[in-house]
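Hello,

Here is the structure we talked about. My notes on it follow below.

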There are 2 protein chains.
Amino acid sequence: MKTTVYKNHYIQACIDNPGSIFKNLKIGEQEVLVKNHSYAHYHKGEIIFKEGEKPPGLISLASGKVKIFKEGVGGREQILRMVKPAGILGFRALFAGVAYSASAIAIEDSTICIIEKDALFKLVRESPELSLKIIKMLSYELGFSNNRTVSLTQKHIRGRLAESLLVLKDTYGFEKDGKTIKAYLSREDIANLSNMTTSNAIRTLSTFAAEKVIAIDGRKIKILDPLKLNRISTLG
Amino acid sequence: MKTTVYKNHYIQACIDNPGSIFKNLKIGEQEVLVKNHSYAHYHKGEIIFKEGEKPPGLISLASGKVKIFKEGVGGREQILRMVKPAGILGFRALFAGVAYSASAIAIEDSTICIIEKDALFKLVRESPELSLKIIKMLSYELGFSNNRTVSLTQKHIRGRLAESLLVLKDTYGFEKDGKTIKAYLSREDIANLSNMTTSNAIRTLSTFAAEKVIAIDGRKIKILDPLKLNRISTLG
DNA sequence: CCAACGGTGTGTTTTATAACATAATAAGTA
DNA sequence: TACTTATTATGTTATAAAACACACCGTTGG
């Protein structure tokens, strides 16, 4: 089956999504976004941007899933956050007026919309509502980052992995069964999200499965006992 | 010697500081801040706000030094950032419209100005320049937090401590000698900034001193070899 | 067809760092 | 002044998690 996709399909999807920061913008303002954007497709595993590059504009994810990560000591990758459709990426560097300090890779086939920098800044200057939404969004991200700093440094392996599974669940939600996390990461990505080695991620996932907290079927992870998973996460 | 302090001395100091987000505001806008603020003094060690409380407004540090920290597993404290005069605190919770997710304690005698919430939001709505400055400031903080997440999780003790000393230097600068860090933290605070135990902070500081990278005299820390300290920090 | 390869899974060893213990010193405080 | 109490210092032990090693898939491709 071939799906016909109209010219402004992707940007409209970004704007209309209930979670979008562009939702509820005036028609004229939405028009500015439509007129000043471009889009691009990425296959699973492809790089969207790399640490050190300069942001050409604000990127909004139209479809797919993206990981944002930094390379640390010895090239070891730490995933900072996961992006879902209508989420934006590269905004920090753009707003701070600096180069990207993290990289973005599609972990599923993805489509992005790039809103041209000057048009966006003009819009922000003219719309206090948009400004406040961006301020709120940045505040949320900062809180998330602060939380992660403490969790990743203080919690033990089990707590860190449990928290990461909950983060994935909160970001991407469940499949129709209400149990399967709607995200299929490699064990390595799960490890890089949880600040541990791949072997330890695999090992600890197995332990969780043996304890009937989760069920594993390849990359499919089912949360069987959400309360217990929460308890493991909070107790560290 | 008694120093006479006029009614608006503190808020004016916050506004006029070159690093302030309120610098370059129009006279009328500055007037709003002056008319809608209160101030308070805190002694070294006193709590300014606690995790869970609701922010009454935006706090700007008029004088002194403040640590922002979160309590993690088993009440273990992780310092997220250090605030210097004209820096603001509690902004994240205020802008996100939620309770504080971290606590603030004065590590020196400090004076804060509290800018009343509604007046501030009105100002933000009316001034795109202020909005953009706040967006930029939040972006900077988010970048800082992301960096710290990776450093604190991946670097070894020596690297973490070296980085923390550099963070203190970058925040508070040097004394007139151009070497002594203008901040006198307890070993415990240094440890909580660097994600390590107090004993390890003490031990590693001693090692740095033995290696002539720093010189210690009580709480006074002199950076003798900035290049080597940088190298220790970046190599992890 | 088999080889090569990326991803998974599991056991063993090593090590960085926390946890613990105990002084020694400094700083308040009665 | 002496008496607590906090802070700094250092040595020892225990342990969580990395590092390493190897085996087992399922794919891809020559």
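A residue is called buried here when its relative accessible area is under 20%. A:Ala86 has a relative accessible area of 8%, so A:Ala86 counts as buried. Please keep in mind throughout that this is a predicted model.

Backbone
A:Ala86 sits in the loop between E5 and strand E6 (88-89) of chain A. Its phi is near 80°, a positive value in a residue other than glycine. A:Asn195 is another non-glycine residue with a positive phi, about 55°. The loop that holds A:Asn195 runs between helix H7 (187-194) and helix H8 (198-210) of chain A. With a relative accessible area of 9%, A:Asn195 is buried.

The two chains

The largest pocket has a volume of about 960 Å³. It is lined by 37 residues, and the closest to its centre are A:Lys84, A:Tyr140, A:Glu141, A:Phe144 and A:Thr171. At least two lining residues each come from strand E5 (77-83), helix H5 (128-154), helix H6 (157-172) and helix H9 (226-235) of chain A, and from strand E4 (66-71) of chain B. H5(A) gives the most, with 11 residues. By class, the lining of the largest pocket has 14 nonpolar, 12 polar and 11 charged residues.

The second largest pocket holds about 830 Å³ of space. Of the 31 residues that line the second largest pocket, B:Arg81, B:Met82, B:Lys84, B:Tyr140 and B:Glu141 lie nearest its centre. Two or more lining residues come from each of helix H3 (91-96) of chain A and strand E5 (77-83), helix H5 (128-154) and helix H6 (157-172) of chain B. H5(B) supplies the largest share of this lining, 10 residues. The lining of the second largest pocket divides into 14 nonpolar, eight polar and nine charged residues.

Core
Which residues touch the most other members of the largest nonpolar core? They are A:Phe22, A:Ile134, A:Leu138, B:Phe22, B:Ile134 and B:Leu138, in a core of 54 residues. Leaving aside residues up to four places away in sequence, A:Phe22 touches A:Ile15, A:Gln30, A:Leu33, A:Leu58, A:Ile115, A:Leu120 and A:Leu130.

Regards

Terms used: Residues are numbered from 1 along each chain as its sequence is written. Chains are lettered from A and ligands numbered from 1 in the order in which they are written. This is a predicted model: local features need pLDDT of at least 70, side-chain atom pairs count only at pLDDT 80 or more; totals for chains, interfaces and linings use all residues. Side-chain values use heavy atoms; hydrogens and water are left out. On a 1 Å grid over the protein atoms alone, a cavity is a set of points where a 1.4 Å probe fits but cannot get out, and a pocket is an open set with protein on both sides within 12 Å along at least five of seven lines; lining residues have an atom within 4 Å of a point. Grid points are joined across faces, edges and corners, and a volume is the space filled by probe spheres set on the points. Helices (H or I, at least four residues) and strands (E, at least two) are DSSP runs, numbered from the N terminus. Ala, Val, Leu, Ile, Met, Phe, Trp, Tyr, Cys and Pro count as nonpolar, Asp, Glu, Lys and Arg as charged, and the others, Gly among them, as polar. A nonpolar core is a set of buried Ala, Val, Leu, Ile, Met, Phe, Trp, Tyr and Cys residues joined through side-chain atoms within 4.5 Å. Buried means under 20% relative accessible area, exposed over 50%, partly exposed in between (1.4 Å probe, protein chains only). Contact means heavy atoms within 4.5 Å.
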